[in-house]
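Me: I have a model open and want to go through it. Can you take some questions?

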Amino acid sequence: IDIHPYVPGWTTPFAAVRHVYTIPLRALIPVGVENLQVASRSFSATSEAAGSARVIPTNMALGQAAGVVAALCARRGCTPTQVASSAGLLGEVHRLLRAQGALGGPDGTP
């Protein structure tokens with residue numbers, strides 16, 4: 001985990017243990033802005049979650065997912081917000097990511 005202290009004397013309570021987790025698509029979509037995704041370290045997360053997710057491989061995966069969503073929206077005439085709230089469209093994103101070789105999370109979803 002790449003987390004830095006923000007108060008003097010603070011140490012991380014997180015052990016160096018590998019955890020697999022997913023990041024919901026809605027974390028990449030700014031509230032109140034249509035047709036925009038934040039596929040970088042600027043996505044919506046707590047300090048602890050951002051410390052885990054701000055590493056380069058995770059950002060690459062965020063970019064891949066955002067690109068798949070953007071392409072799907074261009075083809076289907078929808079917005080990322082609509083994709084995030086539609087089980088069918090979100091399932092299509094998952095299928096496309098698996099077809100591209102994206103690794104699945106603990107429940108098999110990308």
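The chat below goes over helices, packing, the core and one backbone angle.

Me: What kind of model is this, and how are residues numbered?
Reply: This is a predicted model, where local features need pLDDT of at least 70, side-chain atom pairs count only at pLDDT 80 or more, and totals for chains, interfaces and linings use all residues. Residues are numbered from 1 along each chain as its sequence is written, and side-chain values use heavy atoms, with hydrogens and water left out.

Me: How many helices and strands in the protein chain?
Reply: There are four helices and zero strands. Helices are DSSP runs of H or I with at least four residues, strands are E runs of at least two, and both are numbered from the N terminus. The order from the N terminus is α-α-α-α.

Me: How much of the protein chain is buried?
Reply: Of its 110 residues, 27% count as buried. Buried means under 20% relative accessible area, exposed is over 50%, and partly exposed lies in between, with a 1.4 Å probe and protein chains only.

Me: At what angle do H2 and H4 pack?
Reply: H2 (residues 56-76) and H4 (residues 87-99) pack at about 125 degrees, with axes 10 Å apart. That makes H2 oblique to H4. Axes are lines fitted to C-alpha atoms, for helices over the stretch in contact, and angles between N-to-C directions run from 0 to 180 degrees. Oblique is what remains after under 35 degrees (roughly parallel), over 145 (roughly antiparallel) and 65 to 115 (roughly perpendicular).

Me: Which residues meet there?
Reply: From H2, Gln64, Ala65, Val68, Val69, Leu72, Arg75 and Arg76 meet Leu89, Glu92, Val93, Leu96 and Leu97 of H4. The residues of this contact divide into eight nonpolar, one polar and three charged. Contact means heavy atoms within 4.5 Å.

Me: What does Val93 touch?
Reply: Leaving out residues up to four places away in sequence, Val93 touches Val68, Val69, Leu72 and Val83.

Me: And the largest nonpolar core, how many residues?
Reply: That core has 19 residues, and Leu25, Phe43, Val69, Val83, Val93 and Leu97 have the most contacts inside it. H2 and H4 are the elements that give two or more residues to this core. The largest share, six residues, comes from H2.

Me: Switching topic, what is the phi of Asn35?
Reply: Asn35 has a positive phi of about 60 degrees, although it is not a glycine. Asn35 lies in the segment before H1 (47-53).

Me: Is Asn35 buried or exposed?
Reply: Asn35 is exposed, with a relative accessible area of 56%.

Methods
Ala, Val, Leu, Ile, Met, Phe, Trp, Tyr, Cys and Pro count as nonpolar, Asp, Glu, Lys and Arg as charged, and the others, Gly among them, as polar. A nonpolar core is a set of buried Ala, Val, Leu, Ile, Met, Phe, Trp, Tyr and Cys residues joined through side-chain atoms within 4.5 Å.
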